[in-house]
Structures are given as structure tokens and as C-alpha cells.
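This report describes a two-chain model shown below.

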Amino acid sequence: MTALSPQLLLRLAALGMLGVVVQTAAISQLPIAGANADLSPLLVMAVGLLCGSLAGGAFGFGVGLFTDVVSLQTLGISSLVLLAVGYGAGRLREARDPEGTLVPLAVGAAATLAFGVGFAVMQFLLGVDAPVSWALLRQLLATLVINALLALPLYALVRRCLHGAMPDDPRRRRRRAYTTGGLSPLSRGPEIRR
Amino acid sequence: MYDKTVRRRRAVLGLLVACSLILLTAYFGESGSGVLHSVQRGTSEILSPVQEGASRALKPVRDLFGWFGDTIAAKGQVEDLRKERDRLRTELAQTEVNSADLDRLSKLFELDGALGIEDLGPQTGRVIFQSATVWYSTIRVDKGAEDGVRVGHPVINEEALIGRVTNVFGGTAQVTLITDTTTKVPVRAGREQAFGIVEPASAGNPTDMVMKFTQPNAKIGVGDRVVTRGTEPEDHAASRYPVGLPVGQVSRIEHEGTDTQEIHVRPYANLRSIDFVQILTRPRGANG
């Protein structure tokens with residue numbers, strides 16, 4: 001689990017605020033194939049994958065709360081759903097530590113789907129009396145595709161923004177374990193020779 | 001050490017989930033003037049200049065995307081628009097005759113139906129924010145209480161009615177679109193101006209609305225114009241929407257002629273892409 005240093009907290013706060021402002025002021029007004037990209041689950045997914053479950057969950061909660069406040073939506077819905085998204089992405093990193101190049105794409109699509117479905121379920125639980133339409137499902141699918149395409153560049157951008165503030169990069173940690181933890185043939189050389 | 005880390009992680013998770021649920025319950029339970037609503041409005045007002053600045057700065061990017069989208073959409077619309085033009089030419093001839101009659105009748109009965117938009121105190125505003133999810137069909141415009149905007153004022157764009165003001169701040173206002181699940185607009189349609197209520201057909205679909213509570217024998221056909229009725233259906237008091245604002249066009253009718261008939265309406269306004277709007281600050285006219 002990554003320790004939340006003050007520098008990391010500052011960068012996460014700035015990243016979250018900037019992400020929500022760009023989303024609401026620009027991205028939401030850019031329809032692509034009848035849907036919009038949604039940066040929030042992608043940002044939260046990226047932070048979860050890079051910083052772990054604690055930072056991912058807290059970042060998801062913060063981004064969700066900020067989105068609810070600026071959008072004048074019911075407080076608590078986005079924060080609850082994004083908290084689950086960030087925590088899930090963080091646990092994936094801690095438990096599996098996936099290193100494939102396309103992992104952010106797959107996790108980004110899963111995060112978008114989880115956010116879309118979770119938000120819809122919350123709305124229905126709160127009593128929105130509108131039927132689910134094919135248009136809604138189509139829109140969810142279109143957002144999923146757009147977000148999947150954006151996931152890789154956005155992950156790289158978030159990684160760049162947080163670079164230097166993350167004390168424990170998964171790949172660096174793995175390399176360290178390999179070279180110093182007795183797994184490397186170099187460190188096992190004397191034993192092998194004997 | 002590991003146990004401590006896991007315990008800490010779970011404690012933080014539990015705390016954040018509890019915070020979300022408390023916020024949700026408290027927000028849902030309190031009135032519009034409650035503490036959380038006030039904090040939300042205050043924060044939103046503070047952030048409005050930032051959003052406005054970001055919206056202006058990112059306008060060229062939006063325009064570029066809009067240009068690509070419009071070009072693709074325009075190709076598909078050419079044939080439909082040609083047919084529409086031919087139909088409107090025929091209707092225009094009939095309308096000119098009716099218009100002369102209407103002028104005389106309006107004066108005779110002192111109807112408010114002859115109001116022009118200028119009499120309704122239009123305030124032109126720019127859209128600075130659009131809700132990120134399809135569940136909240138809201139936009140924010142850069143006109144607010146300082147410009148005479150009040151809660152309930154109807155909002156139009158260059159095409160048709162698009163919604164009503166639901167929150168007002170100093171220099172900005174929140175507009176809930178007609179496709180929001182909470183919106184209901186009293187309308188009339190067809191040759192005999194049959195009355196009904198237009199509301200969204202389903203969540204997340206800005207191109208399909210449904211006109212309900214019409215008489216089964218109402219003479220309404222596909223292609224008929226749907227305009228605001230100007231009065232509320234229950235008590236015939238003046239509606240928040242002035243009479244005669246265009247809303248949309250009948251696209252199809254399900255269960256026609258029965259008590260459960262559903263008249264589907266396609267809004268004239270493209271609610272996915274709104275740049276400028278007009279808020280009618282005197283919805284009852286100059287004397288209202």
C-alpha cells in the first residue's frame with residue numbers, strides 16, 4: 001500500500017479538481033456518436049492502479065464529491081460509486097500487480113461500466129421513475145468505447161503528473177525484488193558455483 | 001505490520017462509505033434551503049468564474065469537434081430538410097391566410113397569444129457548463145439574478161423551448177432541460193389543438209419525448225407541430241411557459257385511438273449541443 005505523502009496528496013487534489021472542471025466545462029459539451037467521454041472513472045482508475053486502494057478510494061470519494069457539488073447533483077452518489085471504482089482498481093494493483101501495456105484500457109472500460117451501472121442503480125434506488133431505454137444502454141456502450149480509447153493516454157498523463165510523488169512504483173518494486181531479493185541469478189551466483 | 005495495514009485500509013474504506021451514505025441521506029432528506037444545499041450552492045457560485053473561464057478557453061476545441069460532427073450530421077439531414085421545405089411551403093400559404101384571421105381574433109379577445117419574444121424580456125446567455133451524466137439534464141448559463149433571472153423562467157434557444165431555470169446565483173443560473181425526468185410541459189398539437197403534457201419518454205434519450213393525457217379521439221398526426229399551451233391543465237392558470245413556444249414535432253403514435261395512446265415527440269432543439277440560450281425574464285409579457 002502506498003503511503004499518502006503531502007506531495008502526493010497535493011498533486012491528487014490538483015489533478016482531481018482540474019479533471020472535474022475540464023469534464024464539466026468542455027468534455028460534457030462534446031458529443032461523440034451521441035455520447036460523451038467521462039473522465040472521472042478513468043482518472044480514478046488511473047490513480048487506483050498507480051497508488052493503491054487507499055489513495056484510489058480516497059481520490060474517488062473526493063472527485064465524486066466535487067462533481068456532485070459543482071454539478072448541483074444529489075450529494076454522495078458519485079462519491080460512493082467512484083469510491084468503489086478507485087478502491088477496486090487499487091486492490092487489483094495490490095493483489096495482482098498487472099503489468100501488461102493494455103491493462104489500463106481493460107480496467108478503464110471496466111471502471112466506466114461499473115460507474116455507469118452503479119450510477120443508474122443509485123438513481124433508480126432513489127426513485128427516478130423513468131424507464132430504462134435502449135438509448136440509455138446505447139449511450140453507456142458508446143461512453144465505454146470512447147473511454148476505453150482514452151484510457152491509455154489518460155493513464156500515461158496521470159502517471160506523468162504523479163511521477164516523483166509515488167514512493168513505491170509497482171515495476172520498480174518488482175525489479176528491486178528481482179535484483180536484491182535473491183531471485184536474480186547474479187545474487188545466486190556464489191550458491192550456484194558452490 | 002501487514003495486519004495493521006489491512007486494518008487501516010478497511011477503516012478508511014468504511015469511513016468513506018459511511019460519509020457518502022450520510023451525505024446522501026441528509027441531502028435527500030433536507031429541503032432546498034437546507035445546510036448541504038446552501039453549501040453546494042455557495043461552492044458552486046465560487047467556482048462559477050473558474051468554469052466560465054475554462055468554458056471560454058476550451059471553446060475552440062469544442063467548435064472543432066462540433067464542426068466535424070455537424071458536417072457528418074448535415075449530410076444525413078439534406079434529404080429530410082428538402083422534404084420538410086416542400087411541406088412548409090404548402091403550409092405557409094395556408095398560414096398566411098390564417099394569420100390575418102388570428103390578428104383580428106387576438107385583438108378581439110385580447111389574447112396573450114400574439115406576444116413576440118421581445119415582449120418576454122429575453123436575456124441571451126452562453127452555456128458554461130453541462131451536466132456530465134445523462135441522469136441530470138442540466139446546463140449552467142452565464143446569466144443570473146443580477147440580470148433579472150428568477151427560478152421558473154422558461155428558456156429557449158434559436159430552435160425551440162429547451163427548459164426552465166431551477167437555480168439562480170449572482171451571475172449564473174442552472175437550467176433544467178425538458179428532457180429531465182422531472183420536467184412536464186403543458187402543450188397543444190394537431191389541427192384541433194388537442195391538449196396534453198409532454199415529458200421525457202425515458203431517461204437518457206434527448207431525442208424522444210412523449211405527449212400524455214390526450215383524448216383518444218384527438219386528431220393528431222405524425223408531423224404535427226407541438227407548441228406550449230400557455231395554461232396549466234388542472235386549474236387553467238397561466239403556465240410558466242408562454243403560449244405558442246415551439247417544442248417539437250410528432251414522430252410516431254403508439255396505441256392510436258385508445259385510452260393509453262402515446263404520442264412520441266421529437267424535440268426541435270438539439271439538446272446535446274447548446275451554445276447560446278435565451279431566458280424569458282417576463283414570461284407573462286410586458287404587462288405580466
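In chain B, buried residues make up 32% of the 288 residues; a residue is buried if 20 or more other C-beta atoms, placed from the backbone, lie within 10 Å of its own, exposed if 12 or fewer, and partly exposed in between. The model is a predicted one, in which local features need pLDDT of at least 70, side-chain atom pairs count only at pLDDT 80 or more, and totals for chains, interfaces and linings use all residues. Residues are numbered from 1 along each chain as its sequence is written, while chains are lettered from A and ligands numbered from 1 in the order in which they are written.

**Fold of chain B**

Chain B has 3 helices and 12 strands; helices (H or I, at least four residues) and strands (E, at least two) are DSSP runs, numbered from the N terminus. Of the contacts in chain B between residues at least 6 apart in sequence, 59% join residues at least 24 apart. Two residues are in contact if their C-beta atoms, placed from the backbone, lie within 7 Å.

In chain B, 6 strands close into a barrel in the order 1-2-5-4-3-12, with antiparallel pairing. Neighbouring strands of this sheet are turned by 45° against each other on average, direction ignored. Helix 2 (residues 35-57) of chain B packs on the sheet, where it touches strand 1 (122-130) and strand 4 of chain B, and its direction makes about 90° with that of strand 1 of chain B. Axes are lines fitted to C-alpha atoms, for helices over the stretch in contact, and angles run from 0 to 180 degrees between N-to-C directions.

Strand 12 (residues 276-280) of chain B is largely enclosed by the rest of the structure, because 4 of its 5 residues are buried. Within strand 12 of chain B, B:Phe276 is the bridge partner of B:Arg126, and B:Ile279 stands opposite B:Val155.

| Strands of chain B | Bridges |
|---|---|
| strand 1 and strand 12 | 5 bridges |
| strand 3 (residues 154-156) and strand 12 | 2 bridges |
| strand 4 (residues 161-168) and strand 5 (residues 173-177) | 5 bridges |
| strand 6 (residues 185-189) and strand 7 (residues 194-200) | 5 bridges |
| strand 7 and strand 8 (residues 209-212) | 4 bridges |

Strands 6 and 7 of chain B form a hairpin with 4 residues between them, and B:Gly190 in the turn has a positive phi of about 85°. B:Ile197 of strand 7 is the bridge partner of B:Pro186, and B:Ile197 is also bridged to B:Lys212 in strand 8 of chain B.

Chain A averages a pLDDT of 82, and 84% of the residues score at least 70; pLDDT is the predictor's confidence in each residue, from 0 to 100. Confidence in chain A is highest in helix 2 (residues 39-51), at a mean of 93, and lowest in helix 8 (residues 189-193), at 52.

Between the chains, 43 residues of chain A are in contact with 47 residues of chain B. The largest share of the chain A side, 8 residues, comes from helix 3 of chain A. That side divides into 26 nonpolar, 15 polar and 2 charged residues; Ala, Val, Leu, Ile, Met, Phe, Trp, Tyr, Cys and Pro count as nonpolar, Asp, Glu, Lys and Arg as charged, and the others, Gly among them, as polar.

Note on methods: Two strands pair if DSSP finds at least two bridges between them.
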